Number of protein chains: 2
Amino acid sequence: MARYIIGVDVGGTHTKVAILNLRGRIIAKDSFLTKRYKKDALIKAISSASDGLIKQNKIGKKDILGLGIGVPGLVDFKKGLVFYFVNIPGWKNAALKKKFESITGLATFVDNDVNVMALGEMTFGAGKGYANAVCLTLGTGVGGAVIIEGSLYRGSGWVAGEIGHIQLNEKGPLCNCGNSGCLEAYVGREYFLNDVRKSLKKGSGSIIGKLAKGRPRDITPELLTRAAAAGDTLAKKKWKEMGEHIGNALVGVINLLNPEVIIIGGGIAETGRFIFDPVRRTIRKRAMKVQKRTVKIVKAKLGNDAGVIGAAELVKKNIKAYRS
Amino acid sequence: MARYIIGVDVGGTHTKVAILNLRGRIIAKDSFLTKRYKKDALIKAISSASDGLIKQNKIGKKDILGLGIGVPGLVDFKKGLVFYFVNIPGWKNAALKKKFESITGLATFVDNDVNVMALGEMTFGAGKGYANAVCLTLGTGVGGAVIIEGSLYRGSGWVAGEIGHIQLNEKGPLCNCGNSGCLEAYVGREYFLNDVRKSLKKGSGSIIGKLAKGRPRDITPELLTRAAAAGDTLAKKKWKEMGEHIGNALVGVINLLNPEVIIIGGGIAETGRFIFDPVRRTIRKRAMKVQKRTVKIVKAKLGNDAGVIGAAELVKKNIKAYRS
């Protein structure tokens with residue numbers, strides 16, 4: 001009986017490789033900069049990191065149930081085909097599952113990073129014990145995943161979960177996706193920071209400019225969290241606006257899907273109550289009666305390890321169907 | 001082996017009772033005005049209509065698999081409890097399932113009318129052959145139902161599917177649900193007709209006023225369809241606006257759920273291409289690439305019989321779990 005799983009998290013910046021036990025605990029891990037490798041070299045780098053961990057921990061290959069990988073891109077889960085990576089150039093229609101299986105000899109499962117994060121949170125994190133959930137990740141873009149009756153729902157073309165592209169206004173700002181008024185066009189990292197920079201230009205007595213040493217380019221979400229924590233009115237107002245936009249998109253999701261829990265993760269969620277308070281207030285004020293009574297809004301729990309933990313869970317959830 | 005099912009459709013105006021065979025074909029049907037009966041008298045009226053049909057068609061009770069009922073209200077499907085009816089006063093927390101089972105001796109299943117219509121359309125109508133679908137009904141209100149991997153998804157508090165209460169604009173017109181900017185606040189029957197009346201007042205050379213014989217109260221969706229068919233500019237514009245609002249709400253639903261099909265029914269959908277054209281155009285223009293390639297927008301097929309057909313399907317889908 002296999003007792004371990006290899007979990008891989010391919011990020012825009014770092015790639016993490018870990019050995020986990022069947023209860024989702026990390027036994028050993030390794031990581032490297034993603035951009036050091038291109039295309040097939042990245043696959044080899046992951047395989048050898050995995051081989052290295054296996055050897056160092058004196059584990060036999062038979063003891064490994066399989067290999068799970070989360071990637072920042074659009075994935076055909078069944079075929080293990082990556083259509084493209086958002087932030088890693090050169091990839092297109094890569095048969096990742098097949099390539100890994102032929103190199104490692106391990107049953108391999110590939111899915112996009114938000115789905116993988118959602119699996120991890122549902123099994124070991126903030127979603128534990130819930131059947132119907134929605135995950136939202138706030139970062140460069142806005143990602144989402146939908147869990148229905150305990151299973152990840154991937155949609156008919158593998159692209160379900162795009163909460164970032166729910167419209168907030170029929171005539172809103174242009175979005176990267178080609179539409180206008182999408183949630184992401186308000187709260188995606190650069191859209192949000194540009195909006196802050198604009199407000200700063202108008203002059204406002206805010207400490208943000210000072211914290212950024214007069215370089216608007218150096219304004220980050222972390223800096224805005226510090227400003228808000230120090231009581232800065234503009235920073236607090238901008239976080240409040242962001243929370244309200246997120247809340248408004250979630251009102252639609254909650255009225256439509258009547259989930260038990262909404263899990264919010266990603267770098268920008270680290271600002272904590274500055275976002276969570278207005279999100280919760282907006283939902284309390286605007287969502288339908290039964291729906292808002294049913295739902296909890298919580299922060300993701302697994303942090304940086306969500307990717308490898310979720311990737312291991314991806315193997316556990318799918319190995320049975322794979323073998324039969 | 002039972003060969004028949006009783007399907008009941010409790011509408012705001014008419015209540016329909018039918019005997020169907022296991023392939024969803026109506027063998028015999030009866031109907032009466034819902035408001036003629038109050039509370040328990042309505043239950044008795046349904047039971048005796050059902051008994052009458054059974055006798056007339058010389059069917060033994062053993063030949064009947066069960067009784068399915070669709071109602072215009074909020075239902076706890078598991079308990080068969082109706083929290084309230086939207087347009088039938090006097091009902092609250094009615095244990096409809098229990099009452100029918102004790103009167104008729106038949107296994108009884110109760111669900112809300114949009115869920116029931118969706119079941120009918122998925123099995124015998126416009127949704128046949130699809131696994132992931134969303135149903136939308138356009139009438140006095142805007143109803144919705146979500147089908148995930150072939151099963152009706154009811155949500156954690158039995159209230160999933162409220163497409164009518166997805167927000168179109170953060171600062172939109174007030175909606176009956178207490179929120180503002182909801183789809184229903186733009187395209188619900190009275191909201192829509194009031195908007196048309198307002199535009200008429202401004203003077204526009206439209207034939208709508210003439211068709212309504214100068215009585216704005218007499219303007220109906222059917223009248224507006226006739227005006228649009230006759231080439232009336234205002235009527236066509238108003239239908240186009242309605243279609244665009246519906247399309248915008250569906251863009252969010254499509255990006256989130258990546259369904260194969262959206263089925264649109266209800267009285268107002270009868271206006272046909274005046275709505276369907278702008279709905280499809282909006283989705284083609286605004287939804288995400290893979291999502292819009294995956295989805296079809298179709299009209300509901302079962303019309304007036306959708307309720308009893310779906311109610312019979314409700315029995316078929318759930319009788320096995322009920323017996324075990």
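User: Happy to start! What should I know about the numbering and the model?

Analyst: Residues are numbered from 1 along each chain as its sequence is written, while chains are lettered from A and ligands numbered from 1 in the order in which they are written. This is a predicted model, where local features need pLDDT of at least 70 and side-chain atom pairs count only at pLDDT 80 or more, but totals for chains, interfaces and linings use all residues.

User: What makes H1(A) oblique to H2(A)?

Analyst: The axes of H1 (residues 40–56) and H2 (residues 96–104) of chain A cross at roughly 45° and come within 11 Å. That angle makes H1(A) oblique to H2(A). Angles under 35 degrees count as roughly parallel, over 145 as roughly antiparallel, 65 to 115 as roughly perpendicular and the rest as oblique. Axes are lines fitted to C-alpha atoms, for helices over the stretch in contact, with angles from 0 to 180 degrees between N-to-C directions.

User: Which residues of H1(A) and H2(A) meet?

Analyst: Ile43(A), Ser47(A) and Ser50(A) of H1(A) meet Lys99(A), Phe100(A), Ile103(A) and Thr104(A) of H2(A). Contact here asks for C-beta atoms, placed from the backbone, within 7 Å.

User: Why are S10 and S12 of chain A at the edges of the sheet?

Analyst: The open sheet has five strands in the order S10-S9-S8-S11-S12 (chain A), with mixed pairing. S10 (151–153) and S12 (296–299) of chain A each have a single partner strand, so one side of each is left without a neighbour in the sheet.

User: How do you know that S8(A) and S11(A) pair?

Analyst: Two strands pair if DSSP finds at least two bridges between them. Five bridges join S8 (residues 133–138) to S11 (residues 261–265) in chain A, and these strands run parallel. In one of the bridges, Leu136(A) has Ile264(A) in S11(A) as its partner.

User: Why are the two copies described as related by a two-fold rotation axis?

Analyst: Chain B is superposed on chain A by a rotation of 180° with 0.0 Å of shift along its axis (RMSD 0.0 Å). The two copies are thus related as by a two-fold rotation axis. The superposition is by least squares on the C-alpha atoms of residues with pLDDT of at least 70 in both.

User: How do you know that the copies meet through the same surface?

Analyst: The contact takes 36 residues from chain B and 36 residues from chain A. Of the interface residues of chain B, 100% are also interface residues in chain A, so the copies meet through the same surface.

Methods: Helices (H or I, at least four residues) and strands (E, at least two) are DSSP runs, numbered from the N terminus. Two residues are in contact if their C-beta atoms, placed from the backbone, lie within 7 Å.
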